Amino acid sequence: MRKKHFILLSLIFVFFTSKAQTDIFDAVSYVNPLMGTQSTHSLSNGNTYPAIARPWGMNFWTPQTGKMGDGWMYTYTAEKIRGFKQTHQPSPWMNDYGQFSIMPVTGKLAFLEDDRASWFSHKAEISTPYYYSVYLADYDVTTEITTTERAAHFQITFPENDRSYIVLDAFDKGSYVKIIPSENKIIGYTTLNSGGVPDNFKNYFVLVFDKPFADKYTWQDQKLDKDKLESMSNHAGAIIGFSTTKGEKINIKVASSFISFEQAELNMKRELGTATFEQTKIESKKEWNKVLGKVKVEGGTVEQTKTFYSSLYRTVCFPQKQYEIDATGNQVHYSPYNGKVEAGAMFAGTGFWDTFRALYPLLNLVYPSINKEMQEGLINAYKEGGFLPEWSSPGFRDVMVGNNSASVVSDAYLKGLRGYDIKTLYEALLNGANNEGPLNAVGRKGVNYYNTLGYVPNDVGINESAARTLEYAYDDFTIWQLAKALKRPKKEINLFEKRMMNYKLLFNPEFNLMSGKSKDGKFSASFNPFKWGGDFTEGNSWHYSWSVFHDMQGLIDLMGGEKIFTSQLDAVFSLPPIFDDSYYGATIHEIREMQVMNMGQYAHGNQPIQHLIYLYNYVGQPWKTQYWSREVMNKLYKPTPDGYCGDEDNGQTSAWYVFSAMGFYPVCPGTDEYVLGAPLFNKISLELENGKNVTINAPNNSDENIYVADLKWDNTPFTKNFIKHSDLQNGAILDFNMTNTSNKERGTDPKSYPYSYSSSK
């Protein structure tokens, strides 16, 4: 009798355990890492690659179709794979560092990248965030990859062959390899990088195989040496060979470190240990579902669901962890700022010019604990480099404009993140706001002009002066907000309150747009609002004139009121996509991406204008926001290789989609508000880290029902055009009543408008 009871209880346990496992929402199954990979230098559909990784992991892996050193390392239209590469590349324009590759071959021993390249087909390719598999046709070999944060597990299935090889390529510009047959091991380092590192930069790697080596080779440049176990040269590599039976699987465990060989070994031991390939794969999938499952969408089409989770996947890739865990269990990192091994966190691979807008606000809402670590990493970057990075890859990079670290730091604290040294970070903001840095893109280029004239002139040898001025003014607003929260001296607070209004100095009343100004205070007589570059950064005046995130009412007043402001917004979509590319001397890809999208001057493929759609809420016409946000989501995003409308840029363009699909957007980071749009799905469930939940219901949502008839918050009518982050933190149920006709009464009262400095006094 007891035995029967035991069997019954066991069956019940198995049933409920199985049910619990099947009830786990499999968000990662909707992700297509190939979204955005059909890109070229001249036209970006995302400029992504299929990253096999863990969320925010230190090392990513990807199949490599491009040549060594090519930023476009994987393109969907390619026909051959040259290897499987460890990568830290945030963008093809920034290129890579800490890179090396592994490639199986059979038959003729081929080790140079063109010689070893194999034909492949997407029909025999499986790409997920946690697992990748592809059939290499030239060698009758299947390569599978799964990863941890700092290590990877390869499983390679060979045919019957007495000449089966695995090629390790440590790349050029200085590399080293050593084969250790007694341990079935290869160690080495690679130095190839595209900048942002000190002279002593190395990425140390270790590979451990589960089968003894039958053959051993190393090479230097193009010279192959049999049985030579060590090579150091401009371009070093290693080859090990086996005799394999049909279907035999050879496993490789790989780990790396920016610190030392010993740390690479420790990373492997800690993260892979004795795990099998399948166990590592299962754990990786579980981690992805844990992270992506914080946001659950229901009721959309399969295409919309795939687009959402493919976008959410991109938002949790960058910045990457650049710290490691030492033998005592403490965080340590190789500093890309001073070349030393330092204690604490470090992150790399993001440009704040892009990501301050929506990516970091998304982290503050959904993943605040990882952003707390990122803030700690910024503290270390400041201590080690003397400034906060504006583009880190992995250290300072001289690209883009603005001082938008101020927004990233301020928004995190103002949204409630605590437990780190905010006083040092505020000191870093003051330093960046009042000094030029070691590079043009660090600190504030032209700061002396800005602090005395109120703007950066366009005739003093500083390019993109208007863009700099507008972004500095917004950054001053975020510092002002943080200064108040930290109870800084009144004189200091007043200074930033004054400076944040500097945007007004660039308003050109003749065009009702922003334009550059000379040192003597004059606007150019030849000003062309369709000219890209020059006074602006990767855009024109029609794109940048709206970069007054903190004081839209002030901009409305400058333009002459709501009617004119609205007509200017409307004109962005109704104007033809004409352009002047004379500053660049050629049509850059960002221009072409605007031109081909058939949305007038609206250039969603680049960041400066991405908030514009939400500005109708500031003039009592929220239905236009609802219309245009749905148009952009439906037309410009697809879960396909050509699925983006420009550079994805480290999660920013994806974060725009994630926020917009939820029905709101952070127009002005540094405030407590999100500006309302309209949700894309019938239901969205948001699991906050504090244990609260936000539910967004829109049960009658459809392709036709894109407008908000009314909104209830916890069953109470809600009439404002914005919602507050602090209110969401208490948990909320938002019920959107969607309809196919615009409600031109809701949201028209100025009391419903979002925050503007000029109307908040």
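In which sense do β7 and strand β8 (residues 141-147) pair, and over how many bridges? In this predicted model, β7 and β8 pair in the antiparallel sense over 5 bridges, where two strands are said to pair if DSSP finds at least two bridges between them. Helices (H or I, at least four residues) and strands (E, at least two) are DSSP runs, numbered from the N terminus. The model being predicted, local features need pLDDT of at least 70 and side-chain atom pairs count only at pLDDT 80 or more, whereas totals for chains, interfaces and linings use all residues. Residues are numbered from 1 along each chain as its sequence is written, and side-chain values use heavy atoms, with hydrogens and water left out.

Strand β7 spans residues 132-136, of which 4 of 5 are buried, buried meaning under 20% relative accessible area, exposed over 50%, and partly exposed in between (1.4 Å probe, protein chains only). β6 and β7 form a hairpin with 4 residues between them; in the hairpin of β7 and β8, which has 4 residues between the strands, Asp-140 takes a positive phi near 55 degrees.

A further strand with two antiparallel partners is β14 (residues 215-220), in which 5 of the 6 residues are buried. Its pairing with strand β17 (residues 236-244) is antiparallel and comprises 6 bridges, with Asp-215 placed as the bridge partner of Gly-241 in β17. Strand β15 (residues 223-226) is joined to β14 by 4 bridges, also antiparallel, and here Trp-219 has Leu-224 of β15 as its bridge partner. β14 and β15 form a hairpin with 2 residues between them, and Asp-221 in the turn has a positive phi of about 60 degrees.

Among the helices, α10 (residues 422-434) has 13 residues and reaches 18 Å from its first C-alpha to its last, close to the expected 18 Å, the expected span being 1.5 Å times one less than the number of residues. Because 10 of its 13 residues are buried, α10 is largely enclosed by the rest of the structure. The buried positions include Ile-422, Leu-425, Tyr-426, Leu-429 and Leu-430, together with Asn-431 and Gly-432. These buried residues pack against α8 (368-385), α9 (405-414), α11 (447-453), α12 (465-485) and α13 (490-499), contact meaning heavy atoms within 4.5 Å.

With a disulfide defined as a pair of cysteine sulfur atoms within 2.5 Å, the count comes to 0 disulfides. Cys-317 is in no disulfide, the nearest cysteine sulfur being that of Cys-645, 18 Å away. Cys-317 is buried, at a relative accessible area of 1%, and Cys-668 likewise counts as buried, at 4%.

The largest pocket holds about 470 Å³ of space. On a 1 Å grid over the protein atoms alone, a cavity is a set of points where a 1.4 Å probe fits but cannot get out, and a pocket is an open set with protein on both sides within 12 Å along at least five of seven lines; lining residues have an atom within 4 Å of a point. Of the 28 residues that line the largest pocket, Val-399, Met-400, Thr-537, Glu-538 and Glu-590 are the closest to its centre, and the elements that give two or more residues to this lining are α6 (352-355) and α17 (589-596).

Key: Grid points are joined across faces, edges and corners, and a volume is the space filled by probe spheres set on the points.
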